[in-house]
Amino acid sequence: QAEEWVKDALLLDNYALASKGKYHDMIDGTEKIEVKYDMVAARTGNFFFEIISNIHVGNLGACLYSRADTLCLVLDTIDKNKKEMLFIDMDKLRFIGIKMLVTNPKSVRQVGGNMACYGVLIPLEEVRKIVRKRLEHEL
């Protein structure tokens, strides 16, 4: 559903979209966007940067294996009828996540019970510093 919100918001903002599987090409077809709806980030003030999505299987986290140029992070707002969309350069986000892992290994968190996902919490204030575009979308 988050992907539909993003498509609607981009179309309202005069972008041309062509759907290609799980990615969406923006504008001239050169930029790929990965959409992630984080239902708790706005409440906690942190984005969970997943490093390992399932330690038992050995899957990398989405931001590490994704071929997308941009992450569209969809956040809840105080108004339940609106979503905030942050368009973030994926390479810059990877750099911040890996830098946190290397400089502060104690920042690693485990979530997901049996799946054993591991990652670091990046404060939303840090994420907002690398936002290229911000949209609000009314549902």
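The model is predicted, with a mean pLDDT of 82 over the chain. Its largest nonpolar core has 19 residues.

**Confidence**
- A pLDDT of 70 or more is reached by 83% of the residues of the chain.

**Nonpolar cores**
- Within the largest core, the residues with the most contacts are Phe-47, Phe-49, Leu-73, Leu-93 and Ile-122.
- Two or more residues of this core come from each of strands E4 (46–54), E6 (70–76), E7 (82–89) and E9 (117–123), and from each of helices H4 (90–103) and H5 (124–128).
- Another core, of 12 residues, lies apart from the largest one and includes Ala-2, Ile-33, Val-35 and Val-74.
- Leaving aside residues up to four places away in sequence, Leu-93 touches Phe-47, Phe-49, Cys-63, Leu-71, Ile-88, Ile-122 and Ile-130.

**Helix H4**
- The 14 residues of H4 should span 20 Å at 1.5 Å a residue, which agrees with the 20 Å between its end C-alpha atoms.
- The buried residues of H4 are Met-90, Leu-93, Arg-94, Ile-96 and Gly-97.
- Seen down the helix axis, the buried residues of H4 fall within an arc of 165°, so they line one face.
- Exposed residues Asp-91, Phe-95, Val-102 and Thr-103 are carried on the face of H4 turned away from its buried side.
- At the N-terminal end, Asp-89 caps H4, with a side-chain oxygen 3.0 Å from the backbone nitrogen of Asp-91.

Key: Residues are numbered from 1 along each chain as its sequence is written. This is a predicted model: local features need pLDDT of at least 70, side-chain atom pairs count only at pLDDT 80 or more; totals for chains, interfaces and linings use all residues. Side-chain values use heavy atoms; hydrogens and water are left out. A nonpolar core is a set of buried Ala, Val, Leu, Ile, Met, Phe, Trp, Tyr and Cys residues joined through side-chain atoms within 4.5 Å. Buried means under 20% relative accessible area, exposed over 50%, partly exposed in between (1.4 Å probe, protein chains only). Helices (H or I, at least four residues) and strands (E, at least two) are DSSP runs, numbered from the N terminus. Contact means heavy atoms within 4.5 Å. pLDDT is the predictor's confidence in each residue, from 0 to 100. The expected span of a helix is 1.5 Å times one less than its number of residues. The arc is that of the directions from the helix axis to the C-beta atoms. A polar contact is a pair of N or O atoms within 3.5 Å; within protein, one must be able to donate a hydrogen and the other to accept it, and residues adjacent in sequence count only if both atoms are side-chain atoms.
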